[in-house]
Amino acid sequence: MATATGALAQSLTPTQFSGVIHDYSPSTTVTPTGPWEMRGTWTLTLDGQSGKGDFTAALTMELSDYTRNSSNVDSGSGSDSRMQHTHHITIQGGTVTQIATGGLELTGPVSITKDGSPAPLAASTLSVSIIGGKTVEYSNITLQFQGGAPAHFGSQLIHGVVITPKSGCLQDTAPVLAAVTDSNYGATPSANGTVLVWGQGFSLTGGNTLLFQRSGYPDVAFNETDGLYYWDLASDQINASLGGLLASGTWTLTAHSACSTTFSNSLSVTIQ
């Protein structure tokens, strides 16, 4: 069994990310024909009240050197032959989900301007993914459009870098536990199954820990670092695979939020 004592001190998941995009569109599957160079800054903010997120990007686009040849450059237009223009790209209240291999994704309807006016594109959605590696936890961002926007940006992933993840909590509130069920909402979870923990006040950006205690047994903690399935991106629910780490019988469960130094109330949980 895994002891819990040292597992409760976790770093907070960032509540805001920012960085730059620098990539190219396809050469032939976009209109006007590219490739277009896409460069600009972006910001993604997680909403601590709703569990949603907002995303903004400001991009410049211009035709790349690959397009420069005598057949498509008007010698009289000078630098304007690259058709430079700008886009402001916005998601408000997008849905945030965890990526199984690490990181997070924001998805939602997207608003797109061209040179400050609505872009002439059909309704679109955008998926924004932030991932990383062992050294830098949040290092890469990708954008992927669906709907009308791929006609101009392409349907491929658009790449960029995370520069500044900012951690923090929007409120200091101890979580409150209400109930524990198995994945089928039954009252007696299996030691090899998944528990659904219901309550309120969990940290919306992760960093929550479930602590099971029982007289005569080592404490057992479940969180984002234990290698088992664990989902905690909602204020009122945490899902955790038990992985056979709890012996059958009655345990006492408490929860710890990264946004509070105070543990939750306790619940008695019977494990099959």
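Student: How many bridges join strand 7 to strand 8, and do they run parallel or antiparallel?
Tutor: Keep in mind that this is a predicted model. Strand 7 and strand 8 (residues 140-147) run antiparallel, joined by 8 bridges. One place to look is Val-128, which stands opposite Leu-143 in strand 8.

Student: What about strand 5 and strand 7: how many bridges join them?
Tutor: There are 7, and these two run antiparallel. Here Thr-107 stands opposite Ser-127 in strand 7. As for cover, 6 of the 8 residues in strand 7 (124-131) are buried.

Student: Now salt bridges. How many does a search of the whole structure find?
Tutor: It finds 4. Take Glu-62 and Arg-39, whose side chains meet at 3.5 Å, N to O. That pair links distant parts of the chain, with Glu-62 in strand 3 and Arg-39 in strand 2, 23 residues apart. Glu-37 is linked with both of them in a network of salt bridges.

Student: Which side chain meets Arg-82 in a salt bridge?
Tutor: Asp-65 does, at 2.8 Å, N to O. Both sit in the loop between strand 3 and strand 4, 17 residues apart. Arg-82 is partly exposed at 21%, while Asp-65 is exposed at 60%.

Student: Last one: which residues form a nonpolar patch on the surface?
Tutor: Val-20, Val-161 and Ile-163, with about 220 Å² of accessible area together. Ile-163 lies in the loop between strand 9 and strand 10.

Student: Why does Ile-163 count as exposed?
Tutor: Because its relative accessibility is 54%, and the cut-off for exposed is over 50%.

Methods: Residues numbered from 1 in each chain as written. Predicted model: local features only at pLDDT ≥ 70, side-chain atom pairs only at ≥ 80, totals over all residues. Heavy atoms only, no water. Patch = residues over 30% accessible without salt bridge, like charges linked within 9 Å, V, L, I, M, F, W, Y side chains within 5 Å. Areas by Shrake-Rupley, 256 points an atom, 1.4 Å probe, with all protein chains shown as cover. Helix = DSSP H or I, 4+ residues; strand = E, 2+ residues; numbered from the N terminus. Buried < 20%, exposed > 50% of the residue type's maximum accessible area, 1.4 Å probe, protein only. Pairing = 2+ DSSP bridges.
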